[in-house]
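Biologist: I have a structure open and I'd like to learn how to read it. Can you walk me through it?

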Amino acid sequence: MWTIEEEQSFRDDLIDKVISHANSSDGMLSRYELGNFPYAGKDIRVIDVQGGIWNPGASWPFAEPLRATLSINTTLSGKYDDQEVQGGLWRYDYQSGSTEGKNSKLRKAMQLQLPLLWFRQQATGDYVPYRVFIINDFPSERYCLMAPDRALAVASQSESPIERKYAERLMQQRLHQPAFRAQVISAYETKCAICTLAHGRLLDAAHITPDRDADSSTSVTNGLSLCKIHHTAYDINIVGIDPDYKVHIREDILQEVDGPMLEHGIKEMDMRSLWIPPAKSKQPDRERLAERFRVFQNQ
Ligand SMILES: [Zn+2]
């Protein structure tokens, strides 16, 4: 049998690969992909066939049984009440039936402090993967609490209000950012809105104006899919985008002469039309663009 350390490193490696695979496109994976995930020369199932809790059993392609739940998932149509709860921790409801059975291996993940995957279904039907730890368990209320990081979970329960607030904010970001990225990148069909570069791992979901709403899931119109270089250039106002979806490059940069990245990657983008999602409901908000463009013009 695997030692606990071996199981831990297997889980870490698998979780990294699942998240990295998702981020090579729009940050999401379909249920089919999660049922046939390529790992160590095999196609393995990393999500339960139908239910929420996946405890690999006899069909698991590795000889070693796992001590605890490998993954949990939340569907949009589900009857369960998974949500962010006070303190930044996230709630996951038990699967119906006995508090033992499938649910007992969730408890095992908590006792052994083993990381697991949490798949959150998005509006597209696909799932965003998260690495989580089970932090606390309430069998009589039939739910557990989870967090993206054990140290953050401890800090979120701290007696110091400053430490607590800081941990809560980080955990909220960790919860919302991957879902925001998935929505934006998928709306832009995994392309940079400025240069149309189509490599998911080189793309970010940028905010047009600072997101005051903690629930970024509603703010795809405040997002732009941008490659890393154009994201940073937009953030520092080398690039501006006007409310008519035209790209502008700062005047002094247009005068500069340098190698191919500046010439082709930046200067040639001047006056290009932004590539925007076909769906009107997902196109960037013109008022936010205008607000942001004034900052570019007045620098
Ligand atoms: Zn770009």
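Modeller: Let's go from the overall layout down to single residues.

Modeller: Keep in mind that this is a predicted model.

Biologist: Fine. How many helices and strands does the chain have?

Modeller: There are nine helices and 13 strands. The C-alpha trace spans about 65 × 45 × 35 Å along its principal axes. Of the 299 residues, 34% count as buried.

Biologist: And which domains is the chain divided into?

Modeller: Domain 1 covers 4-176 and domain 2 covers 190-297. Their centres, taken over C-alpha atoms, are separated by 33 Å.

Biologist: How should I think about a nonpolar core?

Modeller: The general idea is that in soluble globular proteins, nonpolar side chains tend to be buried together. Here, the largest nonpolar core has 67 residues. Leu116, Leu117, Trp118, Met146, Ala147 and Leu226 have the most contacts inside this core. Helix H5 (residues 161-187) gives the core its largest share, nine residues. Domain 1 and domain 2 each supply at least three residues to this core.

Biologist: Let me pick Leu226 from that list. Which residues does Leu226 touch?

Modeller: Leaving aside residues up to four places away in sequence, Leu226 touches Cys192, Ala193, Ile194, Leu203, Asp204, Ala206, His231 and Tyr234.

Biologist: Leu226 is in strand E11, I see. How do I read a strand?

Modeller: In a regular strand the side chains alternate between the two faces of the sheet. In E11, Gly223, Ser225 and Cys227 point one way, while Leu224 and Leu226 point the other way.

Biologist: Are the residues of E11 buried or exposed?

Modeller: Five of the five residues of E11 (residues 223-227) are buried, so this strand is largely enclosed by the rest of the structure.

Biologist: Which strand pairs with E11, and in what sense?

Modeller: Strand E10 (residues 203-207) pairs with E11 in the antiparallel sense, over five bridges.

Biologist: Which residues of H9 are buried?

Modeller: Leu289, Arg292 and Phe293 are. Seen down the helix axis, the buried residues fall within an arc of 110 degrees, so they line one face of H9. They pack against strand E12 (239-241). On the other side of H9, Glu287, Arg294 and Val295 are exposed.

Biologist: What about backbone angles? What should I look for there?

Modeller: Most residues other than glycine have a negative phi, and most peptide bonds are trans. Ala40 has a phi near 50 degrees, a positive value, and Gln113 has a positive phi of about 60 degrees.

Biologist: Where are Ala40 and Gln113 placed?

Modeller: Ala40 sits in the loop between strand E1 (37-39) and strand E2 (42-44). Gln113 is in the loop between helix H3 (104-112) and strand E7 (116-121).

Biologist: How many other C-beta atoms lie within 10 Å of Ala40 and of Gln113?

Modeller: Ala40 has 11 and is exposed, whereas Gln113 has 13 and is partly exposed. The cut-off for exposed is 12 or fewer.

Key. Residues are numbered from 1 along each chain as its sequence is written. This is a predicted model: local features need pLDDT of at least 70, side-chain atom pairs count only at pLDDT 80 or more; totals for chains, interfaces and linings use all residues. A residue is buried if 20 or more other C-beta atoms lie within 10 Å of its own, exposed if 12 or fewer, and partly exposed in between; C-beta atoms are placed from the backbone. Helices (H or I, at least four residues) and strands (E, at least two) are DSSP runs, numbered from the N terminus. The arc is that of the directions from the helix axis to the C-beta atoms. Two residues are in contact if their C-beta atoms, placed from the backbone, lie within 7 Å. Domain bounds come from an automatic or database domain assignment. A nonpolar core is a set of buried Ala, Val, Leu, Ile, Met, Phe, Trp, Tyr and Cys residues joined through C-beta atoms within 7 Å. Two strands pair if DSSP finds at least two bridges between them.
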